Amino acid sequence: MTVTLKRPAPAAPPTGAVSPFRHRLSAWDQKFSPYLYISPFFLLFALVGLFPLLYTFWVSLHDWHLLKGQGEFVGLANFTNVLQDRFFWNSLGNTMSIFLLSAIPQLIGALFIAAVLDQNLRAKTFWRMSVLLPYVVTPVAVAVIFTNMFGEDPGLINNLLGNFGIEPIKWRTDTLPSHIAIATMVNWRWTGYNALILLAAMQAVPRDIYESAALDGAGAFRRFFSITLPSIRPTMIFVIITSTIGGLQIFAEPRLFDPTDPGGPQRNFQTTVLYLWEMGFQRNNFGKASAIAWLLFLIIVIIGLINFSLSRKIASADTKKPGNRAQRRAEGKRK
Amino acid sequence: MKNFRFPAAAIAGAAAVALLASGCGGGDQEAASPDNPVELSVTTFGTFGYDDLYAEYEDANPGIKINPNNIDRGENARTDAFTKLSAGSGLSDVVAIEEGWLGSIMEVSDQFVDLNEYGAEDIKDNWVDWKFKQGTDSEGRVIGYGTDIGPQGLCYNGKLFEDAGLPSDREAVAELFGGDDATWDKYFEIGRQYHDKTGLAWYDQSGFVWNSMVNQMEEGYYTPDGELNIEDNAAMKEQFMQLAAGTEAGLSANEKKWDWGKGKAFADGSFATFVCPGWMLGTIQTQMESAGAGPEAGWDFADVFPGGASNWGGAFLSVPETSEHKEEAAKLAAWLTAPEQQVKQSAAANNFPSTVEAQEQLAAEAAPNELFNNAPTGAILASRAEGVTAQFKGPEDSVIQDKVFSPALGQLDAGTTDGEGSWNEAMKLLNELVVNN
């Protein structure tokens, strides 16, 4: 590229005095225009990503009232206050609990659905689209419907349980049932989505491996655990990381599960983002709300880094396998 | 050819930035007059009853188009208004403000138009004195026209009263609770009798009873000079313990407020009495509709309130400084809150007007309210409004109500703590959420 572009340069001198400038223009073009081309993304990111992030940090260092605006500079006082706040830790515990209750069943369910869809089914596209359907429904609608189902006094699920003589469950008042109810909303929405991603990975696994395994006498379960699972590990890691980030930022579902008291009257399902919201927009303390936002950001970064190092280990373990496979294939050819 | 690439790239880049920048252009200030089409947005909350009035105003003022937005509850309207205030944009041309968070708004009253500039002085005598004063800030700027007030009467379920051997006739009930000398002692005493006889609850949950009690006191959570006065307020704690004793005796149905089992609790006899500021009649109406219940549920409205006159809530219409049509907006706000319109609002939303003339008209008409066993609710509220005075509302009043006392009383309702424990929890929350926020 550079070679072809440089060639006309010697031809420039005949045009006279303009040439040094033009030459310089050309050089700048070489140097800067690639950056210019990719700049829209970075400009946008700076505007809606980096700037808010840094500004939030700036706010978190101040007394900052929602209505009255910027107050005194207080250093890290907001952070130390938040770290001593029992409701902050309560919200973190709730977030983690809801995250675990949703991520684990979700992953298992998605794997199962993907494995089923990976078989030779009739009307494949129909099944695949049906699995994605819950994802199309907005979280707010999901939350409204499930909130009705998990109602305490008149509630679909409690009515059903009542038919079997089971005492009504306090879905909103008790901590664990409320977490399960919210996790159910998350699972309903995301299991199918994750299943499709895992399905795509499964389809990329070479079919001949399954065939040879079957010939060697491996049953369906053995094939799933010894071939499918190891082959889709990188995709699994991707699914885990994205659901971690999403799970730690959960807001709409718990917010709508109790529209009157965000997070429940006794805060038994108040997640961290919900607490952040309460701090900023109900208690009007923007400084502390920003501190919560930054702490949550740091927590997500830390968990992300743990995920990253785990995934790197697994990826390096993976690279051996294709090698082995290639070797085996090569050996096969030699025979 | 290659030499043109730099400018081309520059143009492309610049165009992208320009596109972004031009997203927030516009905003030419158009003179507001009925000849120029002007769109006014109005944000209200709860059951406000303005829909027909909007249409009427649009008909009477060609060129005006009203874009109404109603938010389900006052607490959410507060979040909406505060968020937009802090963002510096997005507020409607006319914004309804609730008494409970008026204290916060007063701290930033310069963000609202001084209605004196649009003729507030000429109509100030329309309102009961204290209501107009509430909408005036410390510098004498009028930032809100009063819509309704919340004089409290007692809603009771006539059928349940009858079943329990209590009188069910409106006047007899007022007499039963002590008429003009009604006290909370008497209220809880009858409640205990009712509970002993029927095993049922007396009130839906403790929070609303507590709000009524506090709003009735001469000074609420704040002293008039803006100091918090809760922890060492013996009178307040005494009231609290009285309520707590009632709840511990089983008088609370532990219903979820603003939900009431989707309104079902109003229809199935879960509780027999309900504290009713004027606007609450509209809330009950909405709840009963959602539960598919009607007059047969047995609710009635008595001209009596434990502890005497009390005002809970009420609203104001304000025009924010960010409005692009301040004059038209102020005109609309004045029209909506004029006596004639307040009477119509009251008919639609079951709330009680804040202007003297409208109150007198409601009292004279004494129109029967079908949902409440044909009780003349307007006339009763007019009677309940006598002796009501304004209580000073501090900046954190609504937080104290919703985030401090509400959860503490919730524990009491659920039976997970006793009166003393509930009070201590409230004080702990007060220190965490308000004092050291």
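Angles under 35 degrees count as roughly parallel, those over 145 as roughly antiparallel, those from 65 to 115 as roughly perpendicular, and the rest as oblique. The exercises below apply this rule to a predicted model.

**Exercise 1. Find how helices H5 and H8 of chain A are oriented to each other, and describe their contact.**

Step 1. The axes of helix H5 (residues 124-136) of chain A and helix H8 (residues 175-203) of chain A come within 6 Å, and they cross at roughly 140°.

Step 2. H5(A) and H8(A) are therefore oblique to each other, and the crossing in which H5(A) passes H8(A) is left-handed.

Step 3. On the side of H5(A), the contact is made by Arg128(A), Val131(A), Leu132(A), Leu133(A), Pro134(A) and Tyr135(A), while H8(A) contributes Trp188(A), Arg189(A), Gly192(A), Tyr193(A), Ala195(A) and Leu196(A). Sorted by class, the residues of this contact are nine nonpolar, one polar and two charged.

**Exercise 2. Classify the crossing of helices H14 and H15 of chain B, and state which residues meet there.**

Step 1. Helix H14 (residues 339-349) of chain B and helix H15 (residues 356-365) of chain B have axes that come within 8 Å and cross at roughly 45°.

Step 2. H14(B) and H15(B) are therefore oblique to each other, and H14(B) passes H15(B) in a right-handed crossing.

Step 3. In H14(B), the residues Pro339(B), Gln342(B), Val343(B) and Ser346(B) meet Glu357(B), Ala358(B), Gln361(B) and Leu362(B) of H15(B). The contact of H14(B) with H15(B) holds four nonpolar, three polar and one charged residue.

**Exercise 3. Carry out the analysis for helices H11 and H18 of chain B.**

Step 1. For helix H11 (residues 234-248) of chain B and helix H18 (residues 419-435) of chain B, the axes come within 9 Å and cross at roughly 130°.

Step 2. H11(B) and H18(B) are therefore oblique to each other, and their crossing is right-handed.

Step 3. Lys237(B), Phe240(B), Met241(B), Ala244(B), Ala245(B) and Glu248(B) of H11(B) meet Gly419(B), Ser422(B) and Trp423(B) of H18(B). By class, this contact of H11(B) with H18(B) has five nonpolar, two polar and two charged residues.

**Exercise 4. Describe the largest nonpolar core, and name the members that touch the most other members.**

Step 1. In soluble globular proteins, nonpolar side chains tend to be buried together.

Step 2. The largest nonpolar core has 90 residues, of which Ala114(A), Leu198(A), Ile292(A), Val94(B) and Ala333(B) touch the most other members. Helix H4 (residues 86-117) of chain A gives the most to this core, namely eleven residues.

Step 3. If residues up to four places away in sequence are not counted, Ile292(A) touches Val82(A), Phe88(A), Thr272(A), Tyr275(A), Leu276(A) and Met279(A).

Step 4. Another core, of 75 residues, lies apart from the largest one, and among its members are Ala265(B), Cys276(B), Val343(B) and Phe372(B).

**Exercise 5. Summarise chain A, and then describe the side of chain B that touches chain A.**

Step 1. Chain A has 14 helices and two strands, and 27% of its 335 residues count as buried.

Step 2. Among the contacts in chain A with a separation of 6 or more, 66% are between residues 24 or more positions apart.

Step 3. Between the chains, 31 residues of chain B are in contact with 26 residues of chain A. On the chain B side, the elements that give two or more residues are helix H1 (5-21), helix H3 (74-87), helix H4 (102-107) and helix H17 (397-414) of chain B. The residues of this side divide into twelve nonpolar, eleven polar and eight charged.

Note on methods: Residues are numbered from 1 along each chain as its sequence is written. Chains are lettered from A and ligands numbered from 1 in the order in which they are written. This is a predicted model: local features need pLDDT of at least 70, side-chain atom pairs count only at pLDDT 80 or more; totals for chains, interfaces and linings use all residues. Axes are lines fitted to C-alpha atoms, for helices over the stretch in contact, and angles run from 0 to 180 degrees between N-to-C directions. Helices (H or I, at least four residues) and strands (E, at least two) are DSSP runs, numbered from the N terminus. A crossing is left-handed if the near helix is turned anticlockwise from the far one by less than a right angle, and right-handed if clockwise. Two residues are in contact if their C-beta atoms, placed from the backbone, lie within 7 Å. Ala, Val, Leu, Ile, Met, Phe, Trp, Tyr, Cys and Pro count as nonpolar, Asp, Glu, Lys and Arg as charged, and the others, Gly among them, as polar. A nonpolar core is a set of buried Ala, Val, Leu, Ile, Met, Phe, Trp, Tyr and Cys residues joined through C-beta atoms within 7 Å. A residue is buried if 20 or more other C-beta atoms lie within 10 Å of its own, exposed if 12 or fewer, and partly exposed in between; C-beta atoms are placed from the backbone.
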